[in-house]
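Please read them with the structure open.

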Amino acid sequence: MNAIIETARLILRPWRDADVDEWVAMSADPRVMEFFASTQERADAETAAAVMRERMDRNGFGWWALDVKGGASFAGVIALQDVPFEAPFTPAFEVGWRLAHEHWGRGYATEGARAALEFAFAELQHEEVVAMTAAVNLRSQMVMRRLGMTHDETDDFDHPRLAPGHRLRRHVLYRASRHDRAFSSS
Ligand SMILES: CC(C)(COP(=O)(O)OP(=O)(O)OC[C@H]1O[C@@H](n2cnc3c(N)ncnc32)[C@H](O)[C@@H]1OP(=O)(O)O)[C@@H](O)C(=O)NCCC(=O)NCCS
């Protein structure tokens, strides 16, 4: 499977060589990385890109590169993956997003993530997809709400990979169900 997903304005596609420099640049941008532990140096960002690319090519889903039709050839990434750590809600399958700063404020994250959610339900046959972010990352939570995902604060958790007292440790969890009418193709 090597899935390309098309929406009205976007194409979610496998990685190309030219994407890597764009990814390195956004991974070094403090605005994009405000709610991650730190910005990434080139070597670490290149390693992450290689892992994303390999998984995408092997599985046909994962961390898609995001094209804007008639515009930027790499605006960021939209992701589907197994949650890579243990928490009270795992095992679970998650959707995520990270866009270069110049592509914020246009609805691209919500549009791309909605298509990824539909793929998770219709193609991968998941019953539920979660999304998570640091409690202080309100912009990302707005995407979850626009998608129609639901939030129960008893699901919120301390991220097991962040030390007690870390400014990003408290996380919120949102859920989307395959049977929810918000996801039209489910
Ligand atoms: C989180 C992130 C993806 C959100 O991006 P975003 O552009 O704010 O989100 P959306 O794609 O939903 O866009 C919504 C905005 O586009 C606007 N918009 C403009 N044209 C639009 C259109 N045609 N359709 C829909 N929305 C449109 C909306 O009004 C809204 O604007 P607002 O922010 O002023 O309210 C982005 O901030 C980001 O990449 N952050 C860094 C990485 C990160 O934190 N990722 C999450 C970690 S878990």
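**Notes on the model**

1. The structure holds 6 aromatic pairs, a pair being two rings of Phe, Tyr or Trp (its six-membered ring) with centres within 6.5 Å; planes under 30 degrees apart count as stacked, over 60 as edge-to-face and the rest as tilted. In one of them, Trp 15 and Trp 23, the ring centres are 5.9 Å apart and the planes stand at 75 degrees, so this pair is edge-to-face. Ring pairs join Trp 15, Trp 23 and Phe 74 into a cluster. Trp 15 and Trp 23 are both buried (buried is under 20% relative accessible area, exposed over 50%, partly exposed in between, with a 1.4 Å probe and protein chains only).

2. On conventions: this is a predicted model, in which local features need pLDDT of at least 70 and side-chain atom pairs count only at pLDDT 80 or more, while totals for chains, interfaces and linings use all residues. Residues are numbered from 1 along each chain as its sequence is written, and side-chain values use heavy atoms, with hydrogens and water left out.

3. Ala 18 sits in the loop between β2 (10-13) and α1 (19-27); helices (H or I, at least four residues) and strands (E, at least two) are DSSP runs numbered from the N terminus. Ala 18 is exposed, with a relative accessible area of 61%.

4. The peptide bond from Thr 90 to Pro 91 is cis, with omega near 0 degrees. Most peptide bonds are trans. A polar atom of the Thr 90 side chain lies 2.8 Å from the backbone oxygen of Ala 87. Leaving aside residues up to four places away in sequence, Thr 90 touches Val 83 and Phe 85 (contact: heavy atoms within 4.5 Å).

5. Gln 125 is in the loop between α3 and β6. Its phi is positive, about 60 degrees, although Gln 125 is not a glycine. Most residues other than glycine have a negative phi. Gln 125 is partly exposed, at 46% relative accessible area.

6. Which residues of helix α4 are buried? In α4 (residues 138-146) they are Ser 140, Gln 141, Val 143 and Met 144. Seen down the helix axis, the buried residues of α4 fall within an arc of 150 degrees, so they line one face; the arc is that of the directions from the axis to the C-beta atoms. They pack against β5 (93-99), α3 (108-122), β6 (128-134) and β9 (170-177). The face turned away from the buried side carries the exposed residues Leu 138 and Arg 139. After α4 comes Gly 148, with a positive phi near 85 degrees.

7. The ligand is surrounded by 20 residues, the closest being Leu 99, Gly 105, Ala 109, Thr 110 and Arg 146 (a residue counts if one of its heavy atoms lies within 4 Å). A ligand oxygen is 2.7 Å from a polar backbone atom of Gly 105. Taken alone the ligand exposes 950 Å², of which the protein buries 68% (Shrake-Rupley method, 1.4 Å probe).

Conventions. A polar contact is a pair of N or O atoms within 3.5 Å; within protein, one must be able to donate a hydrogen and the other to accept it, and residues adjacent in sequence count only if both atoms are side-chain atoms.
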